[in-house]
Amino acid sequence: PISQLLTHKFVALAHSRKRVLLISVGLGVLPWLVLAAIPHLSIADPVAWLVPLAILNLLLYQFPAPAWGSWISEMLPLNRRGSYLGLRASVGSLVGILVVIGFGFLLDRLNNGAYWGFTIVFLVAGAMRLISMALIWGMREPPMRTARAGMGLLDFIRTAQRTNLGRVVLYTAVLYFGVFLAGPYFSIYMLRD
C-alpha cells in the first residue's frame with residue numbers, strides 16, 4: 001500500500017489512469033508465470049524466489065488502486081456508487097472464497113502432484129490477470145479533471161481524527177496492520193495445530 005503514495009505521479013506522467021492500470025495489470029502476469037515455472041526448473045533455492053515474486057505481485061496489484069478508484073468514481077453517479085461498490089465487494093469476496101475452496105480441493109486431490117497443482121493455480125491466476133487487462137482495455141476512460149490543490153499527507157494526518165474520512169483511514173490502517181502482522185503466525189498455527 002505504501003506504493004500507492006506514488007500512483008498519482010505515474011498517472012500525471014502517463015496522462016491516463018487507464019494506461020497506469022493496463023501497465024500494472026499487464027506486468028502483474030509475469031510473477032504468476034515465473035511462480036508457475038519455478039517448481040519445474042532446476043533452481044538451487046526455489047523458496048528464495050517466492051518472497052520477491054510475492055512482493056512484486058502485491059506491489060503490482062496494490063499500486064494502481066488509487067487510479068482505479070478515481071476512474072470508477074467519475075464513471076458512477078454518486079447515488080449509485082455505494083451500492084455498486086458494496087455489491088462488487090460482496091461478489092468479489094464470494095468468488096474469492098469459492099476459488100480458495102476449489103483450489104484447496106484440487107491441491108488436496110493432487111497429493112503427490114502438488115507441484116502440478118500449484119502450477120495450475122498460478123497459471124489460472126496469470127490468466128485472470130490477462131482477462132482483467134482485456135476488460136480494462138475495453139473500458140471508456142472519462143477525461144481527467146485537473147486536480148485542485150488539496151491538503152498534503154502531513155495535513156491529512158494532523159486532521160485525521162476530526163474527519164469521517166480520517167477516522168475510516170485510521171480504522172482501516174489499524175485493522176490491516178493487525179491482520180498483516182498476525183497473518184503469518186495464523187498460518188503456522190493452522191498447519192501445526
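The model is predicted, so to speak of local features a pLDDT of at least 70 is needed, side-chain atom pairs count only at pLDDT 80 or more, and totals for chains, interfaces and linings use all residues. Residues are numbered from 1 along each chain as its sequence is written, and side-chain values use heavy atoms, without hydrogens and water.

Let us begin with the second largest pocket, whose volume is about 310 Å³. A pocket here is an open set of points on a 1 Å grid where a 1.4 Å probe fits, with protein on both sides within 12 Å along at least five of seven lines, and lining residues have an atom within 4 Å of a point. The lining includes L35, I38, P46, Y115, F118 and F122. By class it has 11 nonpolar, no polar and no charged residues. Helix α7 (114–137) and helix α4 (47–62) each supply at least two of the lining residues, and α7 gives the most, with 3.

Now to the rings, where the structure holds 4 aromatic pairs. Rings pair if their centres lie within 6.5 Å; planes under 30 degrees apart are stacked, over 60 edge-to-face, and the rest tilted. W32 and F122 are tilted, because their centres are 5.7 Å apart and their planes at 35°. This pair links distant parts of the chain, with W32 in α3 and F122 in α7, 90 residues apart. Both W32 and F122 are buried (under 20% relative accessible area; exposed is over 50%, partly exposed in between). Ring pairs also join W32, F118 and F122 into a cluster.

Y176 and F180 form a stacked pair, 5.8 Å centre to centre, and both lie in helix α9. Y176 is partly exposed at 45%, while F180 is exposed at 56%.

Technical notes. Grid points are joined across faces, edges and corners, and a volume is the space filled by probe spheres set on the points. Helices (H or I, at least four residues) and strands (E, at least two) are DSSP runs, numbered from the N terminus. Ala, Val, Leu, Ile, Met, Phe, Trp, Tyr, Cys and Pro count as nonpolar, Asp, Glu, Lys and Arg as charged, and the others, Gly among them, as polar. Rings of Phe, Tyr and Trp (its six-membered ring) pair if their centres lie within 6.5 Å; planes under 30 degrees apart count as stacked, over 60 as edge-to-face and the rest as tilted. Buried means under 20% relative accessible area, exposed over 50%, partly exposed in between (1.4 Å probe, protein chains only).
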